[in-house]
Structure formats: C-alpha cells, structure tokens
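Visitor: I would like to go through this model by question and answer. Please put the structure up before we start.

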Amino acid sequence: SRELFLPGFPSKASEERLRRETEIRWVQDVGTIMAHLREVDQEDVLIYHCQQIVNLLRDGRGVFAASRDWRVRSIIDAIRLHLANANALKHLLSLVNRLCHTDARYLRTFCLHGILPLILPILQRQHPAAAHDLPASELQSEVISYVNRLCRSEDVAPVHMLLACDGISALCVAVGALAELDVAVAAAQLSRVLTSLISLLISKALPAELSAADIGDLLLHAQIAPVLSSLLVKYGEACLSPPSSGHASANGSDLGGHSQPSAADRVYHGVCDVLMVVSRLFNELVRRVEALQDHICESGLLGSMFMYLQRYPRKAVVLVIHGVRYLSKNPMSLDVLDKAGIFSVSAALLSSASAHAYREYVMTTVLRLCSSSLERQNKMAAMYPAIVSAAMEFAQLKEAPTLSKCGRLIVLGLSNGGPQCCRVLKEVDAFELVVKLISRERWCGMAIRALLEWTRTVPADIVPSLTGEHAAAGWAELARPLLSLSTSSTTLDIYAATFYSLVRLYVPSFPRACMGPGDASGECIWVMLMDRYLNCSGLGNRDHPAIRQTPAAMESNGMSARPEVVAANRMNATTRLTFLNLLLLLQPHLRLATAEMRRRIAHYYTEMVISSKLDAALPVRKASLELSLALERM
C-alpha cells in the first residue's frame, strides 16, 4: 500500500532513517571516547569520560557491540594505569558494570582480557587501592557487582575463569573482611558476596569436570564455616525487632504516606537480608555438599546459628530448619545438634506464631534424635515437655500425614522410654492415643509393643483411664484388637501377651461391667474372648462330629474318627495358651445372673474338655483342663 504523506509530518521511513543515523553517531561517540581512555592520565578527565559513557549507556539508545575487543582492551589498560587511584578505579569499574548490564557478552570479553587478576585483590582487600578512603564502600561495591554478575552468568567460560583465579577464596576472604566492619556499612555488600557463593553452588554453567561437590571442597579449604559462625553471632545480636518508626511507615500511618525509612529501619532490613542469605547458603551447603557436613558440625556454626535463631526472619528460619533436618540424616551430626541446643530451639519454635511454616521439619529432626538414643529421648521428655505436647497435637491431625506420622512415632517411642517418659505422656493424655492406634493396621504393631512396654515398666497410676469412671469403655477398646487381628501374623501373639499383662496389673479393679452377662452380641469381654479362642482353635465349628460327642464317647474311641484340625485362622500354641490364661484370670469375675450365661458356660465346659484331650501342645491341654474344671465348679 502507498504510504500516506502529510506535509509537516515525518513518514515512518524517515523516522527509521533518523533513528539509525542517531544510533550510528551514538556508537561512534562512545567508541571514540572509549578508545582514548587508555591515553588519559589525568584523574578528573578520566572520571568525566567514564561518566559520559555511563550516561549514554544508561539512556538505552542501543546495544554497544561486544565484538570490538580493542575497546575493551582500552578499558583494561586504563584500569592497569590507575590501579593505585581508588577514585578513578571506581569509575572505571562502574563503566565495566554498565557495559556488562547493557550486553552480557561483555562478561566473557573482560574475563578473556584479564580483568579478574586485577580486581580480585581489591575484593580481598590486598590491593593498594583497598587502603584508600573508599574501602568496603564504593570501590569494593563495584568489584562485588561484577563478580556477582559473573557468578550468575550462564556462560561457562567466565565461571571457569573465576574458579581458575581462586575466586572462591577471594569471596570467602571478602566475607570475613566485611564481617569485621560495622553492620550498617557492610550489610548490603555482604549479602551480595554470599549470594555470589550461592550462585556458584547452584550454577548450571559449571564446567563439565566440576560439580557442586568440587565447589564445596574449595569452600572447605577456604574455611567458610568458621567465617559464617562469627558472622552469625554479630548479625544475630544486631537483629532486634524493627524500630517503631519502621512499623509506622509500613502501616502507612505517617501523614504523607511517602516518608522514607529511617536509618534504623535500613540497618534492620540489611541485617535481615544477611541472615536470610546465610540461611540459604547453609541450606545449600548441607544439601549439596556432603563433605562439608562434618566441617559444619566441627566449626561451631550450628551453635552460633541456634543462638539467635528465633530473631531470624520466618523464611530464614524455614531454610535453617530444613537444612538441619537434612543434616540430621548424618548419624555423626546428631550429638553435635544435641549439644548445640536443638531441643531448646525446637521447643521455642513450636510455640511461636509461625510454627506452621516449619513444624514438619522440626518434628522430623526431633524424631531422628530421639529414635537413635534413649538418653536423648529421656532428656527431651524431661526438659522440653512442650515438644511432647506438640507431638501429641500433631499425632491426631488428619490433614498433615507426614506431620501426624512424626508425632505418632515420637509418642510411641516415648512409651518405651521408661517411667519418666510415660509420666510425661500421662500429663498429655497419650494413653488414649496409643489405644486408638492399636485398631489402625498401619500402627497396630508399634502401638502394641509400646503398650506392652508400658505395662511392664510403668506404675499403675500412669494409665488412669483403665480404672476411672469410663474404665469399661477403655477395656472394651483394648479388647477389640483381640477379636479382629489376623492370626496369620505375630501381631495377635504380641497383643494377647500385652492384654494379659494389663489385666494382671489391674485385676483387683477390673471393671465388673466388662464381665457382665453376655448375649448374642457379645457384650461381655470374657464371652467375646472365649468365642474368639474357640473359633481360632478348631473347636468353634458346631457341625463338627467331635463337638456333638460326649467326653466319655470321645475317650472310648480315642478320637480316631475326628480329622486333624488345621485351619488358616488357627492360633499358634503360644497365643492359645495366652488366651486360656487370660480366660482363667478373668473367670472368677463372671456374674451368673442369667440363664443365657449358664447355657454358654455349659457349652464352653464341653469344648474345654475336648480341647484338653485333643490339643497337641501339652501346656495348652493343661490350661484347657484347668479352665474346664473351673467352669464345672460354676
């Protein structure tokens, strides 16, 4: 289509032509200035030219070609010429950063022309310019900006050259040097240096022959953990609550609504940024570099980190606790975590308002510490009952399966910790939880073992729910697994022994309501247990010929006509004996109040006589005979 031309208005073609001409003149101007930088020996002239180029680049009127290496060489030559002049060097490095921001290819070009050996000593404060009045502020800030950009680069060559120039050691030395300066001065730069280390750890631009483990070895050689330890103590002390003026500004309560943050606000937020970055670095080091885990444990870093952990920003706490959880996988770290005060920190964090953000990590770490040492478990239960209370609360959650699992494992583990641990569990009503878990297939075995250990080692007053007002319901709940557990596993054996131990412990106060007259629904515990025994011992089949014979007839023919009882649901001899001893223990408590109960007892007497004649296990036959005699007397 023909372009519409109106007098006084430039056409699109003329606009494009004008833009290109301007761009060419701009590039020529910048190139001309840059080409003469190496020839300028006067500080004020050099600074003027650098500022002029930076302003042109900041205007964004195009991208300067990075392929013209002679311009880069001119800047490198100017840097060499003014190495001792901190002010001129600062403006040259500002120009370098602006060029790299304009075109990322400049990173590679400057590295190839040898800028790193010139500026890394400034980062380590080993350069004459570092002793100038600009130390750790403007000059070092420009060096940190360049190195930080380089660490975040996706180009392999610059990262490789930084490592070849021992850039890791330079960064670690810079962290130590900045940590000695005032918090208000060094916080921003410290955050950027630590971010550079993190960028190297997670960089995808590492050479093929290097990995995060190799970066970790370099950090280990540079003694990064002690440096971070001293840094955390200083910045943890400085991380107080934000000033009141900061709250006012954040809430918009100032008159204009546009007030600038105060100096105290800036210091506080700078400290929080440093703690945040250190927490992330700790997390990355622990997860990515196993070789550093022992170094971290030996350096005292954990103690310094836990000292003021409650003051850290919430996200920093999450990163630290996540790293600690990962560290707790290493058995060698558990004693160090304990000595560093992990239980004290865990109790405090679980009671904080933001506990939901990291409670799963805390409970997983506590579980690993307790499950590996009975001494640590007893220490936790005695000194930090808040953790036990939290475990009980989490154990009953349905919407957080991992957290619920940790809580249950801690509670069940404490049940095996002896009287002291169980008294703590009594205070949080943990017995009811253990009983409920018996009916859960996933938790049945562990809950039974915990209950068995409880009954063996704990005084009777620890489990008041079996003797109080609602004892009948408690015993009925305990008896239910005996009626439903499969006989094909050892779970029924263990639980039968557990229930027998409980009854022996509480037999003087065993609730009479549990031994009342039974009916078809099996409300009487004794009747339910007897039926279960008969059904799982081969004697509960009413159609079996042997059941219909009298004891005299059975004895006269020697039971040769009765087939061998082998059923899938048959109890083993140990479980049958436990059931019989339990029935004998409970038998004196039966109340013969109804004809239904008398009919049942007569039937049970007949079958116990059969059992005493037929059972292959001699102890079971003796117990069957003893029970049949007891029933005959009734």
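Visitor: Which residue caps the N-terminal end of α8?

Guide: This is a predicted model, in which local features need pLDDT of at least 70, side-chain atom pairs count only at pLDDT 80 or more, and totals for chains, interfaces and linings use all residues. Residues are numbered from 1 along each chain as its sequence is written, and side-chain values use heavy atoms, with hydrogens and water left out. Helices are DSSP runs of H or I with at least four residues, strands are runs of E with at least two, and both are numbered from the N terminus. A side-chain oxygen lies 3.3 Å from the backbone nitrogen of A157, and the residue that supplies this oxygen to cap α8 is D155.

Visitor: Which residues of helix α8 are buried?

Guide: Buried means under 20% relative accessible area, exposed means over 50%, and partly exposed lies in between, with a 1.4 Å probe and protein chains only. Helix α8 covers residues 156-164. Its buried residues are A157, P158, V159, M161, L162 and L163.

Visitor: Against which helices do the buried residues of α8 pack?

Guide: Contact here means heavy atoms within 4.5 Å. By that cut-off, the partners of the buried α8 residues are α5 (105-112), α6 (116-123), α7 (138-151), α9 (167-179), α10 (183-201) and α11 (212-221).

Visitor: How many helices and strands does the chain have?

Guide: The chain has 634 residues, of which 51% count as buried. Among contacts with a separation of 6 or more, 76% join residues 24 or more positions apart. The secondary structure comes to zero strands and 34 helices.

Visitor: Which residues touch the most other members of the largest nonpolar core?

Guide: A nonpolar core is a set of buried Ala, Val, Leu, Ile, Met, Phe, Trp, Tyr and Cys residues joined through side-chain atoms within 4.5 Å. In soluble globular proteins, nonpolar side chains tend to be buried together. The largest core in this chain holds 198 residues, and those touching the most other members are F110, Y146 and L194.

Visitor: Which helix gives the most to this core?

Guide: The contribution is 11 residues, from a helix that spans residues 263-288. That helix is α14.

Visitor: What is L194 in contact with?

Guide: Neighbours within four places in sequence are left aside. The remaining contacts of L194 are V175, L228, L231, V274, V277, V278 and L281.

Visitor: Which residues do salt bridges that share partners join into one network?

Guide: A salt bridge is a side-chain nitrogen of Lys or Arg within 4 Å of a carboxyl oxygen of Asp or Glu, and the count here comes to seven. E284 pairs with R287, the closest N and O atoms being 3.4 Å apart, and with R288 at 2.5 Å, N to O. Both pairs are separated by about one helical turn, because R287 lies three residues from E284 in α14 and R288 lies four residues from E284. E284 is buried at 8% relative accessibility, while R288 is partly exposed at 38%; the network consists of E284, R287 and R288.

Visitor: How many residues apart are K379 and D338?

Guide: Their side chains meet in a salt bridge at 2.7 Å, N to O. The pair links distant parts of the chain, with K379 in helix α21 (residues 374-383) and D338 in helix α18 (residues 334-340), and the separation is 41 residues.

Visitor: Is D338 buried or exposed?

Guide: K379, its partner in the salt bridge, is partly exposed at 30% relative accessibility. D338 has a relative accessibility of 14%, so the residue counts as buried.

Visitor: How far is the nearest cysteine sulfur from C165?

Guide: A disulfide is a pair of cysteine sulfur atoms within 2.5 Å, and the count comes to zero. C165 is therefore in no disulfide by that cut-off. The nearest cysteine sulfur belongs to C111, at 7.9 Å.

Visitor: Which residues does L433 touch?

Guide: L433 lies in helix α25 (residues 430-438) and is buried at 8% relative accessibility. Not counting residues up to four places away in sequence, L433 touches M392, A395, Q396 and V411.

Technical notes
Polar contact = N/O pair within 3.5 Å; in protein donor to acceptor, adjacent residues only side chain to side chain.
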